Amino acid sequence: MRVAVALYKLGSCAEYRVISNQFGVHKSTVKKFVYLFCKGSFWNISCKMPGSAHDATVLRQSELFQKAHLLPKGVKNFEGEEVRLLVVGDPAYPLLDWLIKGYTNSPNLTPEQESFNVYLSSLRVGVEMAFGKLKSRWRVLLKRSDFHFSFAPTMIATCCALHNFCEKQKDAISTNWLEEFSQSSEIFHQPIQPVNVSTSNSGINAREVLTKYLASQFPLRQGHLH
């Protein structure tokens with residue numbers, strides 16, 4: 001019953017009193033079951049910053065940033081220029097030697113730079129889909145949490161671990177769930193993050209190399225980086 005109560009809470013976002021009536025236990029027991037279940041899972045993810053924090057601040061406080069030197073350093077040659085493996089970020093992140101982002105939207109962008117932005121943005125679609133599936137499965141993430149703020153990171157990490165398990169098991173996701181997530185995203189907008197202008201020389205060079213390569217090997221595309 002403990003696991004069932006916890007999964008019901010995470011998946012439905014119902015209030016404690018509703019779940020207590022559903023399972024015939026006191027709402028304090030529901031809370032206890034949920035807290036015990038979440039604390040049994042451990043994932044190395046960063047979810048300790050409040051939603052109002054800037055993305056770049058969250059990145060710098062993350063273990064990924066602190067241990068970036070341990071990331072794979074595989075190198076690929078692009079027409080005589082070597083570029084290492086890179087993490088793809090959005091405009092709110094800095095341009096680093098291991099993290100690449102698009103050019104800041106501007107009327108002065110060249111067709112090649114605009115095309116690079118479109119190709120890079122298409123890579124990030126998978127990231128947006130992952131977040132959509134995460135929140136669709138575990139709808140406790142779709143509304144204001146009734147957990148104590150100090151427990152929120154543990155709850156979020158548990159949802160991520162459960163999401164990964166579902167993905168590994170190739171668990172299907174309902175289109176109705178995705179539509180519900182999409183509707184909630186339109187109602188509860190995320191804070192708009194200002195563009196981060198921090199750059200590194202190696203990051204600039206890698207972006208220029210990839211921009212030239214894409215322009216020479218693939219059709220130029222038009223659009224905006226989101």
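Trainee: Does Ile100 count as buried or exposed?

Mentor: This is a predicted model, and the answer rests on a computed accessibility. Ile100 belongs to strand β4, residues 99–100. A residue counts as buried under 20% relative accessible area. With a relative accessibility of 4%, Ile100 is therefore buried.

Trainee: At what angle do helix α6 and helix α10 pack?

Mentor: Two packed helices are described by the angle between their axes and the distance between the axes. Helix α6 covers residues 111–123 and helix α10 covers residues 201–217, and their axes are 9 Å apart. The arrangement of α6 and α10 is therefore roughly perpendicular, the angle being about 95°.

Trainee: How do the residues of the contact of α6 with α10 divide into nonpolar, polar and charged?

Mentor: From α6 the contact draws on Glu112, Gln113, Phe116 and Tyr119, and from α10 on Arg207, Leu210, Thr211, Leu214 and Ala215. Grouped by residue type, they come to 5 nonpolar, 2 polar and 2 charged.

Trainee: Why are α7 and α8 described as roughly perpendicular to each other?

Mentor: Helix α7 spans residues 125–137, and helix α8 spans residues 152–168. Their axes are 10 Å apart. Angles of 65 to 115 degrees count as roughly perpendicular, so α7 and α8 receive that description at an angle of about 105°.

Trainee: Which residues of α7 meet α8?

Mentor: On the α8 side, the contact involves Cys159, Cys160, His163, Cys166 and Glu167. The residues of the contact of α7 with α8 comprise 5 nonpolar, 1 polar and 3 charged. Those contributed by α7 are Ala130, Lys133, Leu134 and Arg137.

Trainee: Which residue has a side chain in polar contact with the side chain of Arg137?

Mentor: Arg137 lies in α7 and is buried, because its relative accessibility is 5%. Beyond four places in sequence, Arg137 touches Gly11, His163, Cys166, Glu167, Asp171, Ile173 and Trp177. A polar contact of 3.2 Å links the side chain of Arg137 with that of His163.

Trainee: How many disulfides are there?

Mentor: Cys159 and Cys160 are both among the residues of α8 that meet α7. Cys159 is buried because its relative accessibility is 0%, and Cys160 is also buried, at 18%. A disulfide requires a pair of cysteine sulfur atoms within 2.5 Å, and by this rule the count of disulfides is 0.

Trainee: Which backbone nitrogen does the side chain of His54 reach?

Mentor: His54 sits in the loop between α3 (27–38) and α4 (55–60). With a relative accessible area of 21%, His54 is partly exposed. Its C-alpha atom is separated by 9.1 Å from that of Tyr93, 39 residues apart along the chain. At 2.8 Å, the side chain of His54 reaches the backbone nitrogen of Ala56.

Trainee: How far does the backbone nitrogen of Ala92 lie from a polar atom of the side chain of Asp90?

Mentor: Asp90 is placed in the loop between β3 (87–88) and β4, and it is buried because its relative accessibility is 19%. Not counting residues up to four places away in sequence, Asp90 touches Asp55, Lys101 and Arg124. From a polar atom of the Asp90 side chain to the backbone nitrogen of Ala92, the distance is 3.0 Å.

Trainee: What is the phi of Glu79?

Mentor: Most residues other than glycine have a negative phi. Glu79 lies in the loop between β1 (75–78) and β2 (81–84) and is exposed, because its relative accessibility is 55%. Although Glu79 is not a glycine, its phi is positive, at about 50°.

Methods: Residues numbered from 1 in each chain as written. Predicted model: local features only at pLDDT ≥ 70, side-chain atom pairs only at ≥ 80, totals over all residues. Heavy atoms only, no water. Helix = DSSP H or I, 4+ residues; strand = E, 2+ residues; numbered from the N terminus. Buried < 20%, exposed > 50% of the residue type's maximum accessible area, 1.4 Å probe, protein only. Polar contact = N/O pair within 3.5 Å; in protein donor to acceptor, adjacent residues only side chain to side chain. Contact = heavy atoms within 4.5 Å. Axes fitted to C-alpha atoms, helices over the stretch in contact; angles between N-to-C directions. Parallel < 35°, antiparallel > 145°, perpendicular 65-115°, else oblique. Nonpolar A, V, L, I, M, F, W, Y, C, P; charged D, E, K, R; others polar.
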